[in-house]
Amino acid sequence: MQEEKKREKKQERMNEEHAAGKILITGASGFLGRRTAEYYRERYEVFMPGHQEMDITDVQSVGRYMEGHRPDTVIHCAAVSDVGACAREPEHSRKVNVDGSRNIARICREIGAKCILSSSDQVYFKSPVSGPHSEDEVLNPGNEYGRQKLLAEQSCLQINPDCVFLRLSWMYDAASKSEWEHGDFLRTLLANLREGRELVYPVYDVRGITDVNQVIRNLEKAWKLPGGVWNFGSFNDRSTFDTMEAVFSRLNCGPEIISKLKKNKDAFSDSPRDISMDPGKRKRYGIEFTDTAEGLCAALEKSGVIPHGYPQSACSASAIAAAPSG
């Protein structure tokens, strides 16, 4: 026990002293990776290898590239993150999500780089324990994607105990970074508001929804964390419907908008989903996120679609239609 505590203290000191002069980001063409690279390349030397330069499923390819570039920190964002795709093609997705992560963790250990890997709140799906969920729960995820992410955590930490796994929630950004980037929660909401469509959200689904820009800014704190798994995103203990009801209430929206908010009572009705995450562990290390409703309020304010603190007439269908788009 004493030796384990000494090891943890030594690792904490090493993490505090860690300098991320050179950062390697995998999956830099994706939603999180692209934004992470854009944010950090002004202050750090950032490497963004494509598949031809570094095939994460081939440990020799990973070794050649990383040994040649010697990054101080690796932020592993590459993944098959589509839940349906993982279910349809489990062998292919497992090769990327599990084997690829394991290769990154192994080479990081060999070259002494700090290893930050993306996990998911989906590891908590079908948990018999009520949320908000903590990192030390015994898990048996209810979908293939969640099972792959949990297996990646376990196998990587066996190889490299200093790996930091970030269990990320559903993320959003008001801005699209490429024409082929699919929509997210916020951009779909903004489009529906501008076009006057009904806003239909499930009442049996509880999860955090996080501004990706907060995730990216907090990565500098993440690479100083001790190895292990970390809930990393906005706290939320409401259903998605109740979350949006709270958002519109905080923004003082009028009946024209409130009347468009509808309950989806079918989704997850046979097995209500609660994959909300307990923020206690990351808060003890000084990592803060706004809660989900607060973050969405701020994003809607910033978009110009719904101005905050105005009378109800300002948060109306006509005001939204006149607001700038994009």
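User: How are helices and strands defined and numbered here?

Analyst: In this predicted model, helices (H or I, at least four residues) and strands (E, at least two) are taken as DSSP runs. Their numbering starts from the N terminus.

User: Is V305 buried or exposed?

Analyst: The cut-off for a buried residue is a relative accessible area under 20%. V305 has a relative accessible area of 0%, so V305 is buried.

User: Which geometry class describes the aromatic pair of Y44 and W223?

Analyst: The structure holds eight aromatic pairs. For Y44 and W223 the distance is 5.7 Å centre to centre, with 90° between the planes. Planes over 60 degrees apart fall in one class, and the pair of Y44 and W223 is accordingly edge-to-face.

User: How many residues apart in sequence are the parts that Y44 and W223 tie together?

Analyst: Y44 lies in the loop between helix 2 (31-40) and strand 2 (45-47). W223 lies in the loop between helix 8 (212-222) and strand 10 (228-232), so the pair ties together parts whose separation in sequence is 179 residues.

User: What angle do the ring planes of F232 and F289 make?

Analyst: The ring centres of F232 and F289 are 5.2 Å apart. The pair is edge-to-face because the planes are at 80°.

User: Which residue lies over the face of W230?

Analyst: A charge sits over a ring if NZ of Lys or CZ of Arg is within 6 Å of the ring centre and within 35 degrees of the ring normal. At 4.2 Å from the ring centre of W230, the residue over its face is K281.

User: Which helix gives the most to the lining of the largest pocket?

Analyst: The largest pocket has a volume of about 1400 Å³, and 47 residues line it. The most, four residues, come from helix 2.

User: How many charged residues are in the lining of the second largest pocket?

Analyst: The second largest pocket holds about 540 Å³ of space. Its lining comprises 26 residues, and among the closest to its centre are D173 and K302. By class, the lining has 10 nonpolar and six polar residues, and the number of charged residues is 10.

Notes. Residues are numbered from 1 along each chain as its sequence is written. This is a predicted model: local features need pLDDT of at least 70, side-chain atom pairs count only at pLDDT 80 or more; totals for chains, interfaces and linings use all residues. Side-chain values use heavy atoms; hydrogens and water are left out. Buried means under 20% relative accessible area, exposed over 50%, partly exposed in between (1.4 Å probe, protein chains only). Rings of Phe, Tyr and Trp (its six-membered ring) pair if their centres lie within 6.5 Å; planes under 30 degrees apart count as stacked, over 60 as edge-to-face and the rest as tilted. On a 1 Å grid over the protein atoms alone, a cavity is a set of points where a 1.4 Å probe fits but cannot get out, and a pocket is an open set with protein on both sides within 12 Å along at least five of seven lines; lining residues have an atom within 4 Å of a point. Grid points are joined across faces, edges and corners, and a volume is the space filled by probe spheres set on the points. Ala, Val, Leu, Ile, Met, Phe, Trp, Tyr, Cys and Pro count as nonpolar, Asp, Glu, Lys and Arg as charged, and the others, Gly among them, as polar.
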